[in-house]
Amino acid sequence: MGSRTKQFKVVLLGEGCVGKTSLVLRYCEDKFNDKHITTLQASFLNKKLNIGGKRVNLSIWDTAGQERFHALGPIYYRDSNGAILVYDITDEDSFQKVKNWVKELRKMLGQDICLCIAGNKIDLEKSRHVSVQEAEDYAASVGAKHIHTSAKLNKGIDELFLTLSKKMLQVSDEQDDVSAGASLGSSNRGNSRRGVVVVSNEEATEQKSGCCS
Amino acid sequence: MAGYCSKCWRDIYTQQQHKLQQQIDLDHEYAKKLQEEEHRNLHPTETSPQVSALQSSTPKSSPAQPHSPQTPASTKADATLERSFKPFENKKVHTKGFSGRGFRNFFSPSSEHSTVSPNSVKHKSTPQRKSNSAMQMSPHQWPNPERQLSFESKRASKDFVDFIVAFQEPAAKDVLKKCHEFMTKLTSNNESTIDEKSEMVQVFYQSMTDRLLSHPHFKSHAHEEDHDKIMNNVEKFIMTKIYRDVFCHDQTDDEAEDLKVQTRIRNLHWITAAMLDANIDISKSCVSEWTDKAITAIIEMDSKRAPQDKLACVSRCSKHIFEAIRRSKDDGSPASADEYLPALIHIVLKANPPLLKSNIRYITRFSNPIHIMSGEDAYFFTNLCCAVTYIENEETGLNAESLSLTQVEFDAYMRGEMQTGEKQEENERQLCPGLKLMYKNLNDLASLHERTDKMLEEAMQMRQGIQQHSLHVKTQVEKILSQTPSRDPFPNFSQSLTYVNDSTETRRSRSTSALDEDLCGNDLLPPPLVPTVAP
């Protein structure tokens with residue numbers, strides 16, 4: 001039972017153009033702006049890890065960052081074990097967006113979800129608009145790890161995903177301890193119930209919105 | 001599709017079903033009598049010939065011709081296997097009888113009271129109640145056992161049995177038994193709501209997974225892959241079997257929701273890929289080829305029964321979309337979610353799949369959570385949910401603001417008063433080659449017509465010009481002539497000549513007279529030379 005691979009779902013959240021896709025491509029393909037990237041798409045990628053002998057399979061879900069899709073967030077992040085919140089250090093607004101996401105995630109999923117905040121594009125340090133101190137203080141205040149990354153220079157990316165994976169493992173082990181003896185399957189089951197609740201909420205609001213024509 | 005709306009179709013269908021059912025009931029009564037007689041004579045304890053016919057899937061199950069149970073040419077080994085599958089096959093018959101009832105009930109709840117004979121009413125309305133006791137009855141007493149199973153159902157049973165016999169006997173038997181028990185439980189519980197059924201299915205998946213992990217029968221199949229395979233097949237089998245009972249169920253508002261989404265999408269037909277910021281350039285034929293494939297894939301979802309098959313359609317659709325995006329881009333970089341979601345929305349709007357909402361709800365309710373929580377299929381399915389939510393929702397989803405249009409423009413598009421340029425182009429693209437050629441020829445003809453008109457007009461102008469010119473010449477000549485009448489050596493001649501238009505003679509005469517005029521008008525010239533005789 002213990003040998004079963006842990007499945008973790010990680011969502012990438014953040015405004016468009018902060019480099020979510022570049023981050024994940026760098027991580028999974030070790031490439032940046034490269035013509036020879038083999039994957040057709042960078043919106044869903046799998047990464048297998050081995051952390052201290054434990055097999056972990058990360059499913060990395062990219063999300064559409066455009067503001068008009070913001071309301072769809074709950075559908076994306078339900079049942080996720082972790083979230084990476086990406087902002088651009090040269091863009092104050094994108095950091096603000098991260099704060100909004102954190103608030104929303106904590107409200108909807110509580111402490112079940114592990115958060116990592118990534119300050120991306122540190123290769124553009126010269127035009128930094130979000131101060132290191134502010135970002136790190138904020139991350140600490142919401143119980144999230146803060147990591148500076150650059151997809152271009154391949155800095156901090158492995159660290160980012162590794163930190164998050166360790167955290168998720170820890171949480172998952174704690175959950176397993178709580179439901180002692182219960183298999184991973186049953187924790188999945190719990191998650192799925194939670195998912196169903198979200199769906200029914202949606203349906204309720206949809207019904208309120210009335211006729212479409 | 002053609003002809004009836006769903007409500008009218010239901011009415012008509014109900015009537016037809018009704019007649020058919022009466023006939024079937026009569027036949028069935030007769031067949032049952034015959035069977036019972038023969039059964040009593042031959043094999044008081046054996047199972048019904050019909051069921052064995054069903055098992056061996058030979059086309060012998062005609063209701064009016066019961067046959068002896070020895071007919072299926074099965075070996076002894078088969079026979080033991082058969083016996084172990086028997087309860088399961090009974091279940092198959094039972095499920096069918098039940099689903100038939102549910103179906104009929106779905107169409108016309110009141111029909112049972114009006115025209116059906118009391119005997120058949122009993123058959124139709126009670127199979128669920130009887131189900132427990134019916135387990136002990138001989139199978140030929142099942143309601144409508146001769147009723148044909150749907151193609152998918154038969155195939156699912158066959159596939160599942162084929163799959164499961166590959167495992168060792170106690171394991172295979174155990175899985176079959178569990179599935180069988182579960183389906184009995186589910187179908188016998190007619191009053192339960194769809195959510196309860198969903199819960200039952202989910203609990204079953206869970207208990208099955210736990211059983212695979214803990215039960216000694218499965219020790220030899222301890223691999224994760226084996227478990228996944230078994231669970232996959234169990235899910236496929238069960239869901240294919242109970243599909244009719246749970247998909248777009250009459251207790252739910254699924255159908256109404258489907259229609260609502262369909263209407264909404266129809267109203268939004270004018271939205272172009274560019275408006276959604278979808279990076280899909282349909283003008284390239286290689287791109288439109290992939291979008292067409294994506295549309296086909298998403299519509300194909302309706303024809304699948306098992307949740308994972310439906311999910312596979314969604315994934316296929318998404319992969320075609322990625323291909324389309326890649327071909328629309330110049331640099332060929334992998335598509336991000338920022339590009340994928342708008343493109344998916346665009347494809348959903350183009351495809352307008354008829355049972356979209358039902359399918360999504362069905363998958364959410366009855367899929368094994370593993371499929372919709374992790375993995376690629378889950379990601380694509382989630383995006384489809386997002387796309388549908390976005391399309392449906394007028395407040396936070398698709399509206400004037402999110403398309404960067406003014407409310408006035410948006411309303412005009414919604415009323416069909418405005419049409420986007422791209423839309424027209426696209427309409428043209430959708431024509432067949434013959435029509436395209438016709439339109440091209442019509443265009444050519446129109447321009448030819450225009451040019452001919454223009455030429456005719458010019459010809460007329462030219463003619464007028466010529467007439468004016470000759471008139472002008474005439475007046476000029478007349479004027480000149482009137483100025484110099486006395487010098488004219490041939491007054492009558494030149495007078496008559498002026499009436500002849502544009503002839504060489506006129507020109508000559510005119511030149512003559514002009515010559516004369518010149519001659520006599522110029523006094524400054526030296527006197528003409530006079531011939532003299534040389535000395």
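Is B:Leu448 buried, partly exposed or exposed? With a relative accessible area of 44%, B:Leu448 is partly exposed, where buried means under 20% relative accessible area, exposed over 50%, and partly exposed in between (1.4 Å probe, protein chains only). Welcome to a short tour of a predicted model, in which local features need pLDDT of at least 70, side-chain atom pairs count only at pLDDT 80 or more, and totals for chains, interfaces and linings use all residues. Residues are numbered from 1 along each chain as its sequence is written, chains are lettered from A and ligands numbered from 1 in the order in which they are written, and side-chain values use heavy atoms, with hydrogens and water left out.

**Chain A: overall make-up**

- Chain A has six helices and six strands; helices (H or I, at least four residues) and strands (E, at least two) are DSSP runs, numbered from the N terminus.
- Read from the N terminus, the order of elements in chain A is β-α-β-β-α-β-α-β-α-β-α-α.
- Chain A contains 213 residues, and 51% of them count as buried.

**Chain A: the sheet**

- Six strands of chain A build an open sheet in the order E2-E3-E1-E4-E5-E6, and the pairing is mixed; two strands pair if DSSP finds at least two bridges between them.
- Strand E2 (44–51) and strand E6 (145–148) of chain A are the edge strands, each pairing on one side only.
- On average, neighbouring strands of this sheet are turned by 25 degrees against each other, direction ignored; the axes are lines fitted to C-alpha atoms, for helices over the stretch in contact, and angles run from 0 to 180 degrees between N-to-C directions.
- As background, strands of a sheet pair through backbone hydrogen bonds, either parallel or antiparallel.
- E2(A) and E3(A) run antiparallel and are joined by eight bridges, with A:Lys48 standing opposite A:Asn57 in E3(A).
- These two strands, E2(A) and E3(A), form a hairpin with two residues between them, and A:Gly52 in the turn has a positive phi of about 55 degrees.
- E1(A) and E3(A) run parallel, joined by seven bridges; A:Lys6 has A:Val56 as its bridge partner in E3(A).
- Strand E3 (residues 54–62) of chain A has seven of its nine residues buried, so it is largely enclosed by the rest of the structure.
- Strand E1 (residues 6–13) and strand E4 (residues 82–88) of chain A pair in the parallel sense over four bridges, and A:Leu12 stands opposite A:Ile84 in E4(A).

**Chain B: a helix and a surface patch**

- Helix H8 (residues 169–188) of chain B has 20 residues and reaches 28 Å from its first C-alpha to its last, close to the expected 28 Å, a span taken as 1.5 Å times one less than the number of residues.
- Among the buried residues of H8(B) are B:Asp174, B:Cys179, B:His180 and B:Phe182.
- B:Leu448, the residue from the opening question, lies in helix H20 (residues 433–483) of chain B.
- Together with B:Leu435, B:Met438, B:Tyr439, B:Leu442 and B:Leu445, B:Leu448 forms a nonpolar patch on the surface, with about 560 Å² of accessible area together.
- Patches are made of residues with over 30% relative accessible area and no salt bridge, joining like charges within 9 Å and nonpolar side chains (Val, Leu, Ile, Met, Phe, Trp, Tyr) within 5 Å; accessible areas come from the Shrake-Rupley method with a 1.4 Å probe, and for residues only the protein chains shown count as cover.

**Salt bridges**

- The whole structure holds 28 salt bridges over all chains, each being a side-chain nitrogen of Lys or Arg within 4 Å of a carboxyl oxygen of Asp or Glu.
- B:Arg361 forms a salt bridge with B:Asp254, and their closest N and O atoms are 2.8 Å apart.
- This pair links distant parts of the chain, 107 residues apart: B:Arg361 sits in helix H15 (residues 356–366) and B:Asp254 in helix H11 (residues 254–267) of chain B.
- B:Arg361 is buried at 6% relative accessible area, and B:Asp254 counts as buried at 1%.
- B:Arg264 forms a salt bridge with B:Glu394, with 3.9 Å between the closest N and O atoms; B:Arg264 counts as buried at 2% relative accessibility, whereas B:Glu394 is partly exposed at 31%.
- B:Arg326 and B:Glu323 meet in a salt bridge (2.9 Å, N to O), and being three residues apart in helix H13 (residues 307–328) of chain B, they are separated by about one helical turn.
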